[in-house]
Amino acid sequence: MPDTQSLAWPVTVLEPDLFDNGGLGEKLSLEVRSPPKTEDVTLLDDFDWHLWQDNRLLVKSGNDYQLLAPAAEPITAVEAGSPQFSWDFTSPALVEALAGRLTLRALRPILAGRVTQAWWNIREAGDDKIVCRLQLLHFQNETHSQGYWQLVPLRGYQKEFDKVARRMDKILGESLGNLPVDLHFILADLALDDARPRAATIHLDSTAASEVAVAGMVLNLVRDAQRHVPGIIEDIDSEFLHDFRVQLRKARSLVQITKGALSAPRQAGLKTLLADVMRPTGLLRDLDVFLLEQQDYRSLLPEIHQSGFDQLIRNVKNARNQACKTLQQYLQSDTYSNQLVSIIDLAGEPAELASPSSQQPIYLLVNKLISKRYRKICRNGLAITDDTPDEEVHNLRIECKKLRYLLTIFGELYDAATLKKIIKRMKRLQTILGNFNDYAVQQEFLAMQSAKSRSQPLQMAVSGLIAVIFQQQRQLRQQVCSAIEEFAAPETTAIIDTLLAKETEPCEL
């Protein structure tokens with residue numbers, strides 16, 4: 001290990017040859033270890049900047065890609081074309097490193113500029129030994145210019161390192177100390193994080209009147225949904241539409257389950273308008289979901305049905321293209337603009353506070369709703385048997401979603417650690433119920449695709465696929481009962497009681 005830490009100085013003027021020709025004094029000499037190299041680079045990340053938030057940078061220069069991470073060797077690859085998704089890369093190492101972080105999101109350029117970097121060895125005159133090393137790293141574009149010199153010590157040469165450091169202090173001013181000089185640090189130093197897209201948020205006052213808090217939260221959810229509209233119109237990836245729908249679904253659910261917080265006309269108006277905006281998005285989402293799962297579905301079919309499945313995929317892709325155009329036109333239409341304005345106007349109306357329910361503090365209302373919803377899930381869930389109709393299992397899933405929305409929308413009103421425990425316990429149940437519903441939806445979807453086609457190979461492939469999915473759904477059904485028993489266990493009830501402590505009566509099933 002070196003005797004001391006590296007030292008850094010800011011690069012005020014980019015002069016890579018600043019220390020040449022005796023700049024560090026006659027007794028010190030520089031030897032080029034890696035000559036100055038300047039590259040035009042583009043920084044790539046997804047819409048939420050997941051790589052940046054995970055302290056990683058995907059840098060593209062021509063066809064060269066580098067995934068940079070602190071204290072790790074860069075993962076490099078040469079790629080033809082412009083890979084958009086993690087699975088588009090040909091480098092297995094890059095695919096593995098990106099897949100878990102990007103999931104279904106597409107890469108987009110978030111910053112472009114020029115990076116200059118170089119390394120020198122520093123020797124004492126007349127001595128063959130290298131006593132320390134010097135690095136230059138600099139980023140520049142039309143609006144930013146930032147970089148650092150970094151002096152790196154070598155074991156056993158503390159005295160020489162201190163001598164070089166004092167000389168550099170005289171040339172560049174006093175050092176900034178030990179800094180993690182890499183491209184991520186330089187870009188963070190340029191306040192790049194300020195440009196990161198963030199969800200729209202509002203601060204909840206736990207004592208605010210329910211009408212005020214619910215209307216404000218609906219407004220916030222609708223505004224946040226708007227962040228995803230440009231991505232839908234550009235058709236960047238399927239997650240823009242998914243997130244748009246989730247935010248609107250939360251808003252609609254909130255309006256429904258907080259009955260009494262808003263006046264009846266206001267509640268009915270918002271419910272109708274939100275449904276009107278969501279309705280044109282359903283078809284494209286169904287088609288996206290199927291295409292995202294196509295490899296799994298293909299693996300369920302024997303070779304004899306592969307050609308029929310290929311035809312099905314072609315049909316679904318064609319339908320998806322048409323559905324995407326239709327939705328894009330809708331989102332750019334006066335109809336959508338007017339509906340959006342109506343929602344915002346209605347949610348933004350001054351509070352009337354005309355009923356006791358609308359006046360009660362929001363934390364009291366939400367506590368009651370969480371307690372009520374949890375009891376209902378346990379009661380209905382524990383009543384499920386092998387003979388219970390699928391529709392009732394579907395209804396249980398809807399109730400779980402409503403509880404999850406309450407917990408997440410109003411999460412800041414509660415202890416974070418307790419809230420996390422409840423959500424963790426909900427996860428298995430929701431996953432099973434979600435998959436159970438997805439299987440039912442996909443069977444209906446496939447039956448519709450078969451009915452639209454006269455191709456016998458396609459119809460045979462679809463029939464085979466429906467049979468396999470039906471069996472998978474039956475197997476999953478057996479897990480619903482065990483998952484609900486786990487969620488309704490006394491341990492979960494105790495956590496719910498802790499979450500709502502002192503505000504409501506203990507939760508009785």
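Helices here are DSSP runs of H or I with at least four residues, numbered from the N terminus. In this predicted model, helix α17 spans residues 456–487 and includes Q473. With a relative accessibility of 3%, Q473 falls under the 20% limit and therefore counts as buried. Its side chain comes to 3.3 Å from the backbone oxygen of F436. Beyond the neighbours within four places in sequence, the contacts of Q473 are D390, F436, Y439, A440 and Q443.

Turning to charged pairs, the structure contains 23 salt bridges. One of them joins the side chains of R105 and D48, with an N to O distance of 3.4 Å. This pair connects distant parts of the chain, 57 residues apart: R105 sits in the loop between α2 (92–102) and β6 (108–124), and D48 in the loop between β2 (28–45) and α1 (50–53). R105 also forms a salt bridge with D237, where the closest N and O atoms are 3.1 Å apart. Because D237 belongs to the loop between α6 (229–234) and α7 (238–257), while R105 lies in the loop between α2 and β6, this pair ties together parts 132 residues apart in sequence. Both R105 and D237 are buried, R105 having a relative accessible area of 3%. A network of salt bridges links D48, R105, D237 and D243.

A further salt bridge is found between K376 and E399, whose closest N and O atoms are 3.5 Å apart. K376 is in helix α14 (residues 362–382) and E399 in helix α15 (residues 390–409), so the pair ties together parts 23 residues apart in sequence. K376 counts as partly exposed at 29% relative accessibility, whereas E399, at 9%, counts as buried.

Definitions and conventions: Residues numbered from 1 in each chain as written. Predicted model: local features only at pLDDT ≥ 70, side-chain atom pairs only at ≥ 80, totals over all residues. Heavy atoms only, no water. Helix = DSSP H or I, 4+ residues; strand = E, 2+ residues; numbered from the N terminus. Buried < 20%, exposed > 50% of the residue type's maximum accessible area, 1.4 Å probe, protein only. Polar contact = N/O pair within 3.5 Å; in protein donor to acceptor, adjacent residues only side chain to side chain. Contact = heavy atoms within 4.5 Å. Salt bridge = Lys/Arg side-chain N within 4 Å of Asp/Glu carboxyl O.
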